[in-house]
Amino acid sequence: MSKYLPLWPDSASTMSGQVDALYIYLLLVAGVMTTLIFIAVTVLAIKYRRKPGVEAHQIEGSTILEITWSIIPFGIMLTFFIWGAVIYFQERTPPADSTEVYVVAKQWMWKIEHMEGQREINELHVPTGQDVKLIMTSQDVIHSFFVPAFRIKQDVLPGRYTTLWFKATKPGVYHLFCAEYCGTMHSGMGGSIVVMEPQEYAQWMAGSSSPPLQETGQQVFSSLGCSTCHRTDVQGRGPNLTGIYNKPVLLEDGRTVVADENYVRESILNPTAKIVSGFKPVMPTFQGIVSEEQLNALVAYVKSLSQPPSPGTAGLQGQPSAPPGQPTNAQVQ
Ligand SMILES: [Cu+2]
């Protein structure tokens, strides 16, 4: 459409058509309403204008008329809400089999980490026809990941993960903006989303020499000594992390939370925030010790412990064990 009517950016994701349709609907309804109001103002101003020799007389209201003109527009406005909410929930809910990509924003660049180990700066390569879930965090201030051609935008916050997903439909290079004022060079904090045909993408990906993200995570896990308490064979001083991802966890204070990415992240940086039932708050914080990239790798590793082993991840499950006979009391990761 944008070829003939250059009011819209490129439309290159499964979501963009729906967002455009809602936008056009909003414009149409607003246009019709505005026209009706202007016609009414003009007609009534002429019809009931002051005429010489004619006295104005009081007109009493009509309850039925007033209820009608309140209820009908209310119903019309509610359709905006319902349609918008449906799109919102779709945009908020990444499909389960999405490819995951980690994004770290910092003044003033986008750092991208693929699960396969590929890293990029200010560029994100993705294949067409694949659901891609972005797990994003910021190293400093609030940024916002905005791809107009996909009709997606999400704030990227320091200290937690926010997510976003899309499925690109058309090969091409699309602009990535930072849409939250983040300092002097904010306007330069752009990049490109490079959408490729799947075979071409596989070729590009094959050029990677870095180890997969969860392997990096496993190395960090061992080198920081996490594996001493979080054993994968038996319950150690800290909870066994095998199979916990996205599962409910019963906490010491009686609450139940889902062990999602933010939970894993918080448990590394602020271990006493959520103590797993049956464990003691003995884990030290890793705030300031692990970088955002290492955190992402650790989160990817913990998640990999909940996936059925595949050829690529086999062997990641076995951790060097801590000495036997550990006390069973320990604390959340
Ligand atoms: Cu920014």
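How are α6 and α7 oriented to each other: roughly parallel, roughly perpendicular or oblique?

1. The model under review is predicted. Helix α6 covers residues 261-269 and helix α7 covers residues 292-304. Their axes lie 10 Å apart and form an angle of about 120°. Angles of 65 to 115 degrees count as roughly perpendicular, and those over 145 as roughly antiparallel; α6 and α7 are therefore oblique to each other.

2. The handedness of this packing can also be stated: α6 and α7 cross in a right-handed manner. From α6, the residues that make the contact are Glu 261, Val 264, Arg 265 and Ile 268. From α7, they are Leu 295, Leu 298, Val 299 and Val 302. By class, the contact of α6 with α7 comprises 6 nonpolar and 2 charged residues, with no polar ones.

3. On the domain level, the assignment for the protein gives two entries. Domain 1 is made up of 1-47 + 60-210, and domain 2 spans 213-304. A distance of 32 Å separates the C-alpha centres of domain 1 and domain 2.

4. Domain 1 contributes 10 residues to the contact between the domains, and domain 2 contributes 8 residues. On the side of domain 1 that touches domain 2, strands β1 (99-106) and β5 (131-138) each provide at least two residues. That side of domain 1 consists of 5 nonpolar, 3 polar and 2 charged residues.

How values were computed: Residues numbered from 1 in each chain as written. Predicted model: local features only at pLDDT ≥ 70, side-chain atom pairs only at ≥ 80, totals over all residues. Domains from an automatic or database assignment. Contact = placed C-beta atoms within 7 Å. Helix = DSSP H or I, 4+ residues; strand = E, 2+ residues; numbered from the N terminus. Nonpolar A, V, L, I, M, F, W, Y, C, P; charged D, E, K, R; others polar. Axes fitted to C-alpha atoms, helices over the stretch in contact; angles between N-to-C directions. Parallel < 35°, antiparallel > 145°, perpendicular 65-115°, else oblique. Left-handed = near helix turned anticlockwise from the far one by under 90°.
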